[in-house]
Each structure stands twice: as structure tokens, then as C-alpha cells.
Amino acid sequence: MLLENSKQNQKHKMQLWRSKISDVAADVTAHNAIAPILVMLFVLLSANAQAATGFLKSKDTQAFTQVCYYDVLGDTHSLNIKSTDLCPLTYEFDTLPKLSKPAPSAKKTGFFKDDETSGFSRLCSYDVLGDTYVLTIGSTEICPLTYQF
């Protein structure tokens, strides 16, 4: 009798395992049908979010904010941190908005896009011939509508 119950238990366990294996096989088949669609969605969504590593070039301390400038694939990007913090040697940047430190000899007119307050500083973004330039001013000041870079 004990032997018979043991065989029944083994048969029951085998049926459960076969059921689980067939469920897994069905899931894999369903995922294989969906996989190309998921890959295509991932590619489309990731096309807008490209990140690149920036390497520290220089820094500038202004009031209670420190602006760290990074070389990102030949473009200059900036990162604003507390004046007491250290600039990271590398930083991951979104490569779509190109932030550039204005060249001292450039005579380009920038048109105001938007601003962001960071501590005691206001970061004014300007469109300069398709590139984004950033001007850092005091947080209580108002960004000019145009600025000569």
C-alpha cells in the first residue's frame, strides 16, 4: 500500500512537472512572438535618449555654485553643483541638448529659451544658431531676452 501511494505521488509529481514545462514553453513561444516588437520599441525609445561620457575640462565658482565644464564628444557641457563639492572627473550627459561655454571672441546673439534656478544662481539657456549656450547669473536677477556671446 505504501509502495502504491509512493507511485501515485510520483505520477502526480510528473504530471505537475509536465504541466509546468508546457506552461513555460507556451510563455517562451509568446515572448518570441512579442520579442521583435519589444526590440523595435526599445530602439525607437532609446533613439531620443542618448548618453555620452564627459571628461572634466575646467571649472568656475560663482557665489555658492560651482560650474563644471566637460568635453563630451567635442562639445562642451556644463554641470552645476554646490561650491563646496568637487567636480566629478567624468559625468554622463544626455547628448541631445548641447551646452557650450561661450567663446570669449564670439559675437553671436543668443535668444532666450528657458531658465533654471540652482542654489543662489539662475542658469539662463539661449539658442545660438541651433546650439544651446548657458549664462549663469544671480538667482534674483532676470535672464535677458537676448545676450551677445
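This is a predicted model: local features need pLDDT of at least 70, side-chain atom pairs count only at pLDDT 80 or more; totals for chains, interfaces and linings use all residues.
**View 1**
Residues are numbered from 1 along each chain as its sequence is written, and side-chain values use heavy atoms, with hydrogens and water left out. Arg122 counts as buried because its relative accessibility is 18%; buried means under 20% relative accessible area, exposed over 50%, and partly exposed in between, with a 1.4 Å probe and protein chains only.

**View 1. The side chain of Arg122 and two backbone oxygens**.
Zoom in on the end of that story: a polar atom of the Arg122 side chain lies 2.8 Å from the backbone oxygen of Ser139. The side chain of Arg122 also reaches the backbone oxygen of Glu141, at 3.0 Å.

**View 2. Ser118, in strand β6**.
Ser118 belongs to strand β6, which covers residues 109-118.

**View 3. The Cys124–Cys143 disulfide**.
A disulfide (a pair of cysteine sulfur atoms within 2.5 Å) joins Cys124 to Cys143, with an S to S distance of 1.9 Å. The torsion about this S-S bond is about -80°, so the disulfide is left-handed. The pair links distant parts of the chain: Cys124 is in strand β7 (residues 121-128), and Cys143 is in the loop between β8 (131-138) and β9 (146-148), 19 residues apart. Cys124 is buried, at a relative accessible area of 0%.

**View 4. The Cys68–Cys87 disulfide**.
The structure holds 2 disulfides, and this one joins Cys68 to Cys87, S to S 1.9 Å. With -80° about the S-S bond, the Cys68 and Cys87 link is left-handed. Cys68 lies in strand β2 and Cys87 in the loop between β3 and β4, so the pair ties together parts that are 19 residues apart in sequence. Are Cys68 and Cys87 buried or exposed? Both are buried. Number the bonded cysteines in sequence order and the pairing reads 1-2, 3-4.

**View 5. The open sheet β3-β2-β1-β4**.
Here 4 strands make an open sheet in the order β3-β2-β1-β4, with antiparallel pairing; two strands pair if DSSP finds at least two bridges between them. Strands β3 and β4 (90-94) stand at the edges with a single partner strand each, so one side of each has no neighbour in the sheet. From one strand to the next, the twist averages 45°, using axes fitted as lines to C-alpha atoms (for helices over the stretch in contact) and angles from 0 to 180 degrees between N-to-C directions. Strands β1 (residues 51-62) and β2 (residues 65-72) pair in the antiparallel sense over 7 bridges. As an example of bridge partners, Phe55 goes with Asp71 in β2.

**View 6. Thr76 on strand β3**.
Thr76 is found in strand β3, residues 75-82. Thr76 counts as buried because its relative accessibility is 14%. The Thr76 side chain makes a polar contact with the side chain of Lys57, at 3.0 Å.

**View 7. Zooming out to the whole chain.**
The protein chain has 1 helix and 9 strands, running α-β-β-β-β-β-β-β-β-β from the N terminus on. Of its 149 residues, 26% are buried. Among contacts with a separation of 6 or more, 33% come from residues 24 or more positions apart. The chain exposes about 10900 Å², and carbon and sulfur atoms supply 61% of it; accessible areas come from the Shrake-Rupley method with a 1.4 Å probe, and for residues only the protein chains shown count as cover.

Methods:
Helices (H or I, at least four residues) and strands (E, at least two) are DSSP runs, numbered from the N terminus. A polar contact is a pair of N or O atoms within 3.5 Å; within protein, one must be able to donate a hydrogen and the other to accept it, and residues adjacent in sequence count only if both atoms are side-chain atoms. Contact means heavy atoms within 4.5 Å.
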